[in-house]
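Please study the sequence and the model shown below before working through the solutions.

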Number of protein chains: 2
Amino acid sequence: MRILVVEDEPKTLHAIQQGLEENLYEVDIAYDGLIARQLAMRNNYSLIITDIIMPGLNGFVLSRELRESGIQTPILMLTALGETEDKVNGFDSGADQYLVKPFQFVELLARVRSLTKRGSSTLMTHQTLKFEGLEMNLDTKVVTRDEQIIELTAREFTLLEYMMRNQGRVLSKVQLAENVWDIGFDTGTNFVEVYINYLRKKIDKNFDTKLIHTVFGMGYVLKKE
Amino acid sequence: MRILVVEDEPKTLHAIQQGLEENLYEVDIAYDGLIARQLAMRNNYSLIITDIIMPGLNGFVLSRELRESGIQTPILMLTALGETEDKVNGFDSGADQYLVKPFQFVELLARVRSLTKRGSSTLMTHQTLKFEGLEMNLDTKVVTRDEQIIELTAREFTLLEYMMRNQGRVLSKVQLAENVWDIGFDTGTNFVEVYINYLRKKIDKNFDTKLIHTVFGMGYVLKKE
DNA sequence: TTAAAACTATGAGAATTTTAGTTGTTGAAG
DNA sequence: CTTCAACAACTAAAATTCTCATAGTTTTAA
């Protein structure tokens, strides 16, 4: 099982290399996209792991060029939260999966295992949550409403994700605090309200139909109308 | 099993009351320290849960007065991070346990169970980590070095706690990132170094013997000299 | 011994998260 | 139909967390 890792930052590169080798994968490395392309064309890798931002040839271009050359090797893209424009480009560049930094190494390993299992590469596709034009891509962490990209912070994302997973259900503030903040208790402050407010500004403000609703004395719901 | 809960903030009070009643405790409530004292003197509670900051009679004074009246009922103090001066007063006021807000309700329940088990009230005493004049009280979250109080943020506290639990061992940056930040990976930034720097400023700067040491190329250790 | 490379320290600042206070709403009781 | 109290929205500011750029240090190797 041979894997190509492409990354310009030496520390990160060697951390991945070492981690993978400890798990008995054969690892080739490349410091930039150009060398990566050469290697990928020449050898038959089971998987390519590549950063997006790199000198020479970035991850997207690399991915597209390989696909155009008929190379079907699964590609796992590493990205950092907030590289939004890049992410959008990536949607149709042929990359199989994304992993948003920072992440746990075990998470990377899980992805690697899944992607190197023949045929499963299409099985574990983009995991997204959808509701009334609102879309959350859990892989790339990109949120859109009616195709429009919405930038959320980590906390906002977690809150929205929880509401999406419980759409239609009224969620009390205590419930939200427990599940989004891991706080099982009244802190005396109104942080849930504040964050609902933040979300509304980003998700409902510029749209006609509001999705976040207040149920007086009960909590909040994500629902149509 | 009868419990007295003392708290001036109605929401918090009722949240605790409800939670405890759901777990089949009988709950009496008081909105301030004066009423609490009356109730505590009159009835024989298995446990008293009290906030520290309250109108009339604060938690510390309440605790002390009850002890002086010969009432041995275990007392669980609720406190918020950063109420430092108050905390110091509390050390010898006879309170059995502290719980720092925000907390999980299950945590409160666990404490309640432990405190209402007869005899165990002294078993589960102040849990502290100590090393060379440095002391961390895990209950009150108060850190001192040579009796001097040191204010740490949540992250700094977690980092120091991890180093205390592994005193003498060299901890790599990856290891620290994993255990303190739950990040299993190189993010390309030097946040560990930055936080080590923060800790040093607070813990070592004003003292002769330094406790945090750099092991070049390996990581950091907490040790004498 | 010196220069380069790798690694670490530090200051400043941006972004996010959290707190606090004020204003606005809602629903229930009189 | 008012009035009040509880609840929620909003705003601003404080605190914390994290990033980035630069300067300094240690090791390695020529």
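**Exercise 1.** Determine which element gives the most to the surface near DNA strand D.

*Solution.* Step 1: α8(A) gives the most to this surface, with 5 residues; helices (H or I, at least four residues) and strands (E, at least two) are DSSP runs, numbered from the N terminus. The model is predicted: local features need pLDDT of at least 70, side-chain atom pairs count only at pLDDT 80 or more, and totals for chains, interfaces and linings use all residues. Residues are numbered from 1 along each chain as its sequence is written, while chains are lettered from A and ligands numbered from 1 in the order in which they are written.

Step 1: 21 residues surround DNA strand D, and the closest are T214(A), T153(B), A154(B), R155(B) and T189(B). A residue is near a molecule or strand if its C-beta atom, placed from the backbone, lies within 6 Å of it.

Step 2: Two or more residues each come from α8 (191–203) of chain A and from α6 (154–165) and α8 (191–203) of chain B.

Step 3: By class, this surface near DNA strand D has 8 nonpolar, 9 polar and 4 charged residues. Here Ala, Val, Leu, Ile, Met, Phe, Trp, Tyr, Cys and Pro count as nonpolar, Asp, Glu, Lys and Arg as charged, and the others, Gly among them, as polar.

**Exercise 2.** Describe the surface near DNA strand C.

*Solution.* Step 1: Of the 21 residues around DNA strand C, those that come nearest are T153(A), A154(A), R155(A), T189(A) and T214(B).

Step 1: The largest share, 5 residues, comes from α8(B).

**Exercise 3.** State how many bridges join β1(A) to β2(A), and in which sense the strands run.

*Solution.* Step 1: Strand β1 (residues 2–6) of chain A has 4 of its 5 residues buried. A residue is buried if 20 or more other C-beta atoms lie within 10 Å of its own, exposed if 12 or fewer, and partly exposed in between, with C-beta atoms placed from the backbone.

Step 1: β1(A) runs parallel to strand β2 (residues 26–30) of chain A, joined by 5 bridges; two strands pair if DSSP finds at least two bridges between them. In this pairing V6(A) stands opposite A30(A).

Step 2: β1(A) also pairs with strand β3 (residues 47–51) of chain A, in the parallel sense over 4 bridges. There, I3(A) has L47(A) as its bridge partner.

**Exercise 4.** Explain why the buried residues of α2(B) lie on the same side.

*Solution.* Step 1: In helix α2 (residues 33–42) of chain B, the buried residues are G33(B), A36(B), R37(B) and A40(B).

Step 1: They lie on the same side of α2(B) because they cover an arc of only 100° around the axis; the arc is that of the directions from the helix axis to the C-beta atoms.

Step 2: Exposed residues Q38(B) and R42(B) are carried on the face turned away from the buried side of α2(B).

**Exercise 5.** Identify the covered and uncovered faces of β7(A).

*Solution.* Step 1: In a regular strand the side chains alternate between the two faces of the sheet.

Step 1: In strand β7 (residues 134–137) of chain A, L134(A) and M136(A) form the covered face, and E135(A) and N137(A) the uncovered one.

Step 2: Strand β6 (residues 128–131) of chain A runs antiparallel to β7(A), with 4 bridges joining them. Across this pairing, L129(A) stands opposite M136(A).
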